[in-house]
Amino acid sequence: MRTDKSPTKATPKRIPTEPGASDAISLLVEDHEHVKDMFEQFESMTDRAVVGKKKLADEICAELTKHTTVEEEIFYPAVRGAGKEFADMIDEAVVEHASAKQLIAEIEAMNPGDDLYDAKVKVLSELIEHHVREEEDELFPKVRKTKLDLVALGEQMAERKAEL
């Protein structure tokens, strides 16, 4: 029986993070949520919002590029070093990143109104949604159980992201 007065909430299946925490996983989840919000904003824009769509799509691409760079340079190598059981998950994530990078390059070279522009942004959104779900539901809970110093790793990642 609960003795404290704090309300209970049904929480979505997410990785436990402390409010304001700056460990590696918390930073990545924060990025995931920010990009998800931007994709939702893009979806709500009309075809007439050409300038706004281009600006937002470019911002999404820039954020994803920074995020994937930090994961590939810092987070994934650290996780891979934490145990062989992570190899397949990291390999799959790297392949997903390659697909995302290809779409990002295509989107950045295009303009709203071009054939397939919105479709490419939508497919990128779906790819990222799948990738995020796998990281948050499968990879991150396993990483939290390792002996990795996630706070130090988060500091490294935040510094690198600021450089980018």
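Mentor: Happy to; we'll talk about salt bridges and then nonpolar cores. Keep in mind that this is a predicted model.

Trainee: Okay, salt bridges to start. How many salt bridges does the structure hold?
Mentor: The structure holds 14 salt bridges. One of them joins the side chains of Arg144 and Asp23, with N to O at 2.9 Å.

Trainee: Where do Arg144 and Asp23 lie?
Mentor: Arg144 lies in helix H4, residues 117–144, while Asp23 is in the segment before helix H1 (24–43).

Trainee: Got it. What does Asp58 form a salt bridge with?
Mentor: With Lys54; their closest N and O atoms are 3.4 Å apart. Both sit in helix H2 (residues 50–81), and because they are 4 residues apart there, about one helical turn separates them.

Trainee: What about the accessibility of Asp58?
Mentor: Asp58 is partly exposed, with a relative accessible area of 29%. Lys54, on the other hand, is buried at 17%.

Trainee: Which residue does Arg80 meet in a salt bridge?
Mentor: Arg80 pairs with Asp91, again through their side chains, at 2.9 Å from N to O. This pair links distant parts of the chain, with Arg80 in helix H2 and Asp91 in helix H3 (residues 87–108), 11 residues apart. Arg80 is partly exposed at 35% relative accessibility, and Asp91 is partly exposed at 39%.

Trainee: Which residues are linked in a network of salt bridges?
Mentor: Asp31, Glu63, Lys66 and Lys161 are linked that way.

Trainee: New topic: the nonpolar core. Which residues touch the most other members in the largest one?
Mentor: Phe39, Leu64, Leu124 and Ile128 do, out of the 20 residues in that core. Helices H1, H2, H3 and H4 each supply at least two residues of this core, and H4 gives the most, with 6 residues.

Trainee: What does Ile128 touch, leaving out residues up to four places away in sequence?
Mentor: Ile128 touches Val35, Phe39, Leu64 and Ala100. There is also a second, separate core of 19 residues, which includes Met89, Ile90, Phe140 and Met157.

Terms used: Residues numbered from 1 in each chain as written. Predicted model: local features only at pLDDT ≥ 70, side-chain atom pairs only at ≥ 80, totals over all residues. Heavy atoms only, no water. Salt bridge = Lys/Arg side-chain N within 4 Å of Asp/Glu carboxyl O. Buried < 20%, exposed > 50% of the residue type's maximum accessible area, 1.4 Å probe, protein only. Core = buried A, V, L, I, M, F, W, Y, C linked by side-chain atoms within 4.5 Å. Contact = heavy atoms within 4.5 Å.
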